[in-house]
Amino acid sequence: MTWTALSALMSHWRRHPLQLILMILGLALATALWTGVQAINAEARAAYDKAATVLGGEGVNRLEASTAPLTMQDFARLRRAGWPASPVIEGRDRTLGLRVLGVDPLTLPQTAVPAGMPGVGAGDLADFLAGKLGYASPQSVGVAVPGVVLKPLPDLPPGLVLVDIGLGAQLLGVDQQISALLMDSVADLPGPIPAGMVLKRGGAELGLSRLTDSFHLNLTAFGFLAFVVGIFIVHATAGLAFEHRRPVFRTLRAIGLSSRLLAVLVMVEMLVLALIAGALGVGLGYLVAGALLPDVAATLDGLYGASVPGSLSLRPGWVLAGMGMAVVGTGVAAGGGLWQVWHLPPLETARPQAWAKARARMDRVQAGAGLALLAVAGGTLLVGHGLYAGFAVLAGLLLGAALVLPWVLARTLRSIARRARPGLAQWFWADARAELPGLRLALMALLLALAANVGVGTMVGSFRATFTGWLDQRMAAELYLNAESQDQAARMQDWLAPRVDAVLPVTLVERDLLGQPGRIYGVVDHATYRDHWPMLEQVPGVWDLLHQGKGVLVNEQAARRSGLALGDPLALPGGEVPVIGIYSDYGNPEPQAILGIAAFQARFPEAKALRFALRLPPEAVAGLSADLTRTFDLPPEAISDQATIKAFSLQVFERTFAVTGALNVLTLAVAAVALLASLLTLSGLRLPGLAPVWALGVTQGRLAGLEFARSVVLALLTAVLALPLGLMLAWVLLAVVNVEAFGWRLPMQVFPMDLVWLFGMALATGALAAAWPAVQLYRRRPTDLLRVFASAR
Amino acid sequence: MHVRAFLLWLFLAPGAMAQGFAGLGATADGFALPDPDRVLEFPADHGAHPGFRIEWWYVTATLTGADGAEYGVQWTLFRTETAPGGGEALPWQKPELWMGHAALTTRDKHFVAETLARGGTGQAGVVLDPGFAAWIDDWQVAGLPGADALDAMSLTARGGDFGYDLALVAEGPLVLQGTGGYSVKSAKGQASHYYSQPFFRVTGTLDLPEGAVAVTGNAWLDHEWSSQPLAPDQTGWDWFSLSFETGEKLMGFVLRDGGAGFVSGTWIAADGTATALPPGALVAEPLERLDVAGRKVPTRWRLRLADRGLDVELQAMNPNAWMATTVPYWEGPVTISGSHSGRGYLEMTGY
């Protein structure tokens, strides 16, 4: 009996393979996007953990500077006092594009030695100490560090080279400054933590994961949105399958199958489908993640200096999570159907009219819930703060709008129908409204996908416009030059003086600013800064005040994170200074401050000016670069021209949002599939409604055209509603989420051409989804319609 | 002499094992060479000798507790230059390494600690001003300012489970080993600059897991520098520093080369008058080899020096005085019996 029942249930899929495909496709797509995002996040998290354990894992404690930076002298002093401290230099070699970790293998605590690194006693140590040998992850051993052989060490995160502290200091251009002192045991220290230092115990959270959290939250939110859209598809197909099989259920119940066994059978069937689709989705997600990961890696690297491998490994975590989501998603999507199966009276008859009425009531309830959600979103926007509040606003806005959509569409269609001419036109609009209940979920999915597209597109566009303008301001100098030593810098300056319009030394120190590692710059008084610096807020006469040593400029990130406003004092080594200007500083996670050169040198006499920005006529750039290279025998990375830096920055920017764009398009694709699934569901159900119209003399071709037009019109109406929603979304992203995630706020700009294009996409989505059912209708044999008309179900 | 366990080469270049113990037989290209005509000057020569490849300051002490229990203490600071001409170097890049070894030996236990440092950071070093001090981390041997900076010194070191803090007072003159401090190490002419202060009287405290122990006894300091002290075929050495109850002392060494070896030493009279031993005068004969740390190590020796009527047997106080350091070797106190009695230190490398 059980077997017979099961095969009866299954025969449905044999007869409707398209439904089976849609069901599995929808679920697989939803799972794929979710899994893909999870896989990327898992990979990144593993990379952070690896980075953390290189020198910050369990059992490795760090002494860090709380005021002035630590130096070699601090190291020697503590060692002589019996501290088990080992110096480490960390930093980013911007010319090589690598994170550099310099250690002293002679004192490095055993707990901090990465697995596989030869310790004291191994033959490689001499080369390591001599700066001829370094280590990198197997993915990164190919990078060229001049004069250094890199050996692979699987425990290292990619993009990081582990070298001797001597070479590290040389690569990073630091003198005697160190980043931290490592210790294995802190149980029995010879004295209290010295003044000016703080002890950070091993295993503590690293700044890196905190910084990148927001980025991953962004991705997760996107993955979830895609999943929700995918679940709409599954719901539509599952609903269709239940609807189609009502007679079968009835028959099975009538011949004695208990409602309980029937429900179990259907549940088993759904579970099997979920597992198949889930496996497919996980596989697909793996491919999606693999395709997106290089961009994500580049983004994280460019934005936060976090190294993530460009290749993906299969991790049980996200595989299981993906399968779980598929099963849960199927349960959610098919739950309503299952409930009906369970409670189906054996002799249930069709009650479409009652069903539709109940649906209208439900639409109102749903619209009420939607409005409530929108209100919550608005309230959160007013009182909440933080990244999660931003996402809460986004979620409330999107879900609320989606829930309100059917009611709004129904009202709109009703008022149009009222105004329409009686006859076919009125039937067209009234029937569109009748069709709505079946399409609501798909249209909600479309609304979400379109709004997300508008929102993210607008945000990226606004960001790009601002960023490009900012680059033009910030990169005003034509040529940027790095000297190897102070001596070379002095010779360069002499050589350059008669050849260029201006030599602007770039002096900087790396110091903790407002409790975070940051940089402090000293700038000379020059029109380049006065005319071009991208100020957001400033006091009158800001540059004069700056060069009189009466103030400091801070970047937007620093100001926002610490709530600094103009006039507030900023604590700097050597005393507080008032903030007199705030400038935009995109693509940089660190806090930054700028002092006039005189004030800077008074506070940081040890800082060396090894970098220069050069002003000269653009047409002279190429010639001067060549002369400089020849005269000082410079490596190619010592000189960069404005155009190259700009191109590089824009490239980092584009890659940052490549992932977002890709997810966007995929979401829209999922919505299209959802619409197609729903329309296919409806096409059979709608025949009783169409047959009378056909019987009245409207040709099949005309009917098919009207059906097609109806779907397109619904898609278009949805798009019209998606537009304001998308713009609101963009505003929340720009004004709330970005500020929290990156520390900068961007002016919103609307790009009409993009919106037109999106309307086109919506139309195309609707048209694509509607085309097939319309063709099917067109090709139906007239006898079908006749039979339907005659029997009227 | 005191061709001591200078070991850094082994961990720097294992290939050097083929050239004498711990690479000490490697050629000295580019490094300074010992000069037989050089007259040592103090206190300047207590300090470091840049340009030479290897240098060490070495203190061994035989001590006795109030209850008569015997102890041995070792304190060593090695300096090595890994490339010639390391004057101008970026921070952290001075081609110089330092290594400290500390040991404390009881009848049944042997405590060892090792610490390493790179040159140029201040983590380890030797200075003469304001007074002599040689240190690595918080291990230190430091003297007071004076004509001879080694007259009165403090000596400290500690490991995970032991430590010591000793006061050293010199009761005799410095002893120049070899000829005026030029100590020949092979028939091929390898040599080092080498002097000792074997006349320290010691008082102080040992920190043992059981608690602190007050001790008294004698200590012997060696300072030696060279660039290639071993011939390429010399594989290791046995070194003896013996203090007899007569007040006389003997420093002797055997450089093993698979053949007869190169044997030399210095007889030190009670007043510090040093006489270099002619080649072949000292006869050292291992009597018993014990299995120590998986190696066959001679922990009992017979030493004869016919000129001085010396025929003694040396017995390791604790045969398991194995230095399980980066480059392992044996070093520990010995008890002397026979024609003369007394106590001393034995070092054996290359086993």
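**Figure 1. Loop of chain B that holds B:Pro130.** In this predicted model, B:Pro130 is placed in the loop between strand E5 (124-127) and strand E6 (133-136) of chain B. Helices (H or I, at least four residues) and strands (E, at least two) are DSSP runs, numbered from the N terminus. The peptide bond that joins B:Asp129 and B:Pro130 is cis, with omega about 10°. Most peptide bonds are trans. Residues are numbered from 1 along each chain as its sequence is written, and chains are lettered from A and ligands numbered from 1 in the order in which they are written. Because the model is predicted, local features need pLDDT of at least 70 and side-chain atom pairs count only at pLDDT 80 or more, whereas totals for chains, interfaces and linings use all residues.

**Figure 2. Cis peptide bond between B:Phe42 and B:Pro43.** Omega of this bond is about 10°. B:Pro43 belongs to the loop between helix H1 and strand E1 (54-65) of chain B.

**Figure 3. B:Asp137 and its positive phi.** B:Asp137, a residue other than glycine, has a phi near 50°. Most residues other than glycine have a negative phi. The loop between E6 and strand E7 (139-143) of chain B contains B:Asp137. B:Asp137 counts as buried because it has 25 C-beta neighbours inside 10 Å. A residue is buried if 20 or more other C-beta atoms lie within 10 Å of its own, exposed if 12 or fewer, and partly exposed in between, with C-beta atoms placed from the backbone.

**Figure 4. B:Ala293 in a loop of chain B.** Phi of B:Ala293 is positive, near 50°, in a residue other than glycine. B:Ala293 has 12 C-beta neighbours inside 10 Å and therefore counts as exposed.

**Figure 5. Contact between chain B and chain A.** Chain B contributes 19 residues and chain A contributes 22 residues; two residues are in contact if their C-beta atoms, placed from the backbone, lie within 7 Å. On the side of chain B that touches chain A, helix H1 (8-12) and strand E4 (110-118) each supply at least two residues. E4(B) gives the most to this side, with three residues. By class, the side of chain B that touches chain A has ten nonpolar, six polar and three charged residues. Ala, Val, Leu, Ile, Met, Phe, Trp, Tyr, Cys and Pro count as nonpolar, Asp, Glu, Lys and Arg as charged, and the others, Gly among them, as polar.
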